[in-house]
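Subject: Structure handover and notes

Dear colleague,

Here is the structure you were to receive from me. My notes on it come after.

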Amino acid sequence: MQDRVPYSGILGRRRDRMNERTESPMGGSASQFNGDAFEPPGTLPSSSSPDRRSPLCLVVEDDSTMRHLVTNYLEEHDIRAISTSRREDVAGLLARNQPDLVVLDLRLGQDDGLDLLREIRATSDIPVIITTGHRRDEIDRVVGLELGADDYITKPFGLRELLARIRAVLRRREAGQAAVQRDPDKGRCRFGTWQLDRRGRRLTNVAGEAVALTKGEYALLIAFLDAPQRPLSREQLLQATRVHEDVFDRSIDVQVLRLRRKLEGDPSVPSIIRTERGVGYVFTLAVERL
C-alpha cells in the first residue's frame, strides 16, 4: 500500500511553488499572474496592522497585476505600500500619505512618466526609483536620472532585486539625513553672492531669491562645495552624485552646463565652474561655512 504524503508536506510544496512564482521576473504579460483579491489602489491594506515605523512606498504602475504583485510583496517584507495607476492621483497621495519612496513606471498608458517625475521633483525631494520596459528606453533612463531619479530597474525584473534597490535607496537617504544632523557645520554656507541652506536644500542669490535645483544639480553643487578650488574628474563627480554607474560620464557635462546656467552671469564664459582640460572641472570660489 502506497504511503500517504503528510498534509504538512503538501502545504510546504505549495508554499515553495508560490515562492517560485513570486520570485519570477516582473514585466511579462498580465495573464501570467494571478490578480485576484487585492486592495484597491491608493489604500493601505486593512487585513493587517503594519508597524507605522516601517517605510511607506508609493507604487505608480498602470499594469494592475504587476502593481498588486509589487505592493503585496513589499507588504510581506515589512514595507507598507500604496499604489495608483493614475498620474492625477499622485500629488494627492504624496500630500496625504507622505510616503518615504516612489516606484514610478515611465510607461503610464497615455501619460509620460518623465513628466510626472518632473512634477514630483518640482515640489519634493522624495526618493524615486523609475522602472522601464525595454533596452530602447536607455535615453529615458538617462533623462530620468538627470531629472532627479535615485535609481532605475529594467523590466522584466525580480521582486527580490526591486526590494534590495528600495532598501539601498532608503539607507542612503537615512545616512544623508543623519550626517547633516551630526555635523552642524554642514547647515549653511556662502560662496560668492550665493548662499545654500543644506538642511532645507535651498539655494538663494544675492537678493535672497530662491533658485530651484533638480536633484542632480543639487548633488553636483554639493560635490563642488565639499571640494572647492580643487580639480575634480568626471569619475569623482559621478561617484559623488551617485549617478547610476552605467550612465555615460558625459551626463556630468550636461549637469555642469545646467548648473552653470543657474550660477554664472554668462554661462558661455564660466568663471565659477571652470573646465580643466584633460581633468574635469574646478569650482573656483571659496566656500564659507555659516
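The notes below start with the whole chain and then go through single regions.

This is a predicted model, in which local features need pLDDT of at least 70 and side-chain atom pairs count only at pLDDT 80 or more, while totals for chains, interfaces and linings use all residues. Residues are numbered from 1 along each chain as its sequence is written, and side-chain values use heavy atoms, with hydrogens and water left out.

Overall

The protein has nine helices and 15 strands; helices (H or I, at least four residues) and strands (E, at least two) are DSSP runs, numbered from the N terminus. Of its 290 residues, 41% are buried. Buried stands for under 20% relative accessible area, exposed for over 50%, and partly exposed for what lies in between, with a 1.4 Å probe and protein chains only. Taking contacts between residues at least 6 apart in sequence, 62% join residues at least 24 apart, where contact means heavy atoms within 4.5 Å.

Aromatic rings

Rings of Phe, Tyr and Trp (its six-membered ring) pair if their centres lie within 6.5 Å; planes under 30 degrees apart count as stacked, over 60 as edge-to-face and the rest as tilted. The count by this rule is two aromatic pairs. F191 and F283 have ring centres 5.6 Å apart and planes at 70°, so this pair is edge-to-face. F191 belongs to strand β8 (residues 188-191) and F283 to strand β14 (residues 280-283), so that the pair links distant parts of the chain, 92 residues apart. F191 is buried at a relative accessible area of 0%, and F283 is buried at 0% as well.

The other pair is F224 with F283: the ring centres are 5.9 Å apart and the planes at 20°, so the pair is stacked. Because F224 lies in helix α7 (residues 215-225) and F283 in strand β14, this pair ties together parts 59 residues apart in sequence. F224 is buried, its relative accessible area being 0%. F191, F224 and F283 make up one aromatic cluster.

A charge over a ring is also found: the charged end of R201 sits over the ring of Y218, 4.0 Å from its centre. The rule here asks for NZ of Lys or CZ of Arg within 6 Å of the ring centre and within 35 degrees of the ring normal.

Strand β8 and its partners

In a regular strand the side chains alternate between the two faces of the sheet. In β8, C189 and F191 are on the covered face, and R188 and R190 on the uncovered one. β8 runs antiparallel to strand β9 (residues 194-197), joined by four bridges; two strands pair if DSSP finds at least two bridges between them. The bridge partner of R188 in β9 is D197. The two strands form a hairpin with two residues between them, and G192 in the turn has a positive phi of about 60°. β8 is also antiparallel to strand β15 (residues 288-289), with two bridges, and there C189 has R289 as its bridge partner.

Helix α4

In helix α4 (residues 113-123), the buried residues are G113, L114, L116, L117, I120 and R121. Seen down the helix axis, they fall within an arc of 155°, so they line one face of α4; the arc is that of the directions from the helix axis to the C-beta atoms. The exposed residues A122 and T123 are on the face turned away from the buried side. At the start of α4, a side-chain oxygen of D112 comes to within 2.9 Å of the backbone nitrogen of L114. A polar contact is a pair of N or O atoms within 3.5 Å; within protein, one must be able to donate a hydrogen and the other to accept it, and residues adjacent in sequence count only if both atoms are side-chain atoms.

N205 is in the loop between β10 (202-204) and β11 (210-211) and is buried, with a relative accessible area of 19%. Its side chain reaches the backbone nitrogen of A207 at 3.0 Å, and a polar atom of the N205 side chain lies 2.9 Å from the backbone nitrogen of E209.

R260 is in helix α9 (residues 250-263) and is buried at 10% relative accessible area. The R260 side chain reaches the backbone oxygen of I273 at 2.8 Å. Leaving out residues up to four places away in sequence, R260 touches P267, P270, I273, R274, T275 and Y281.

Regards
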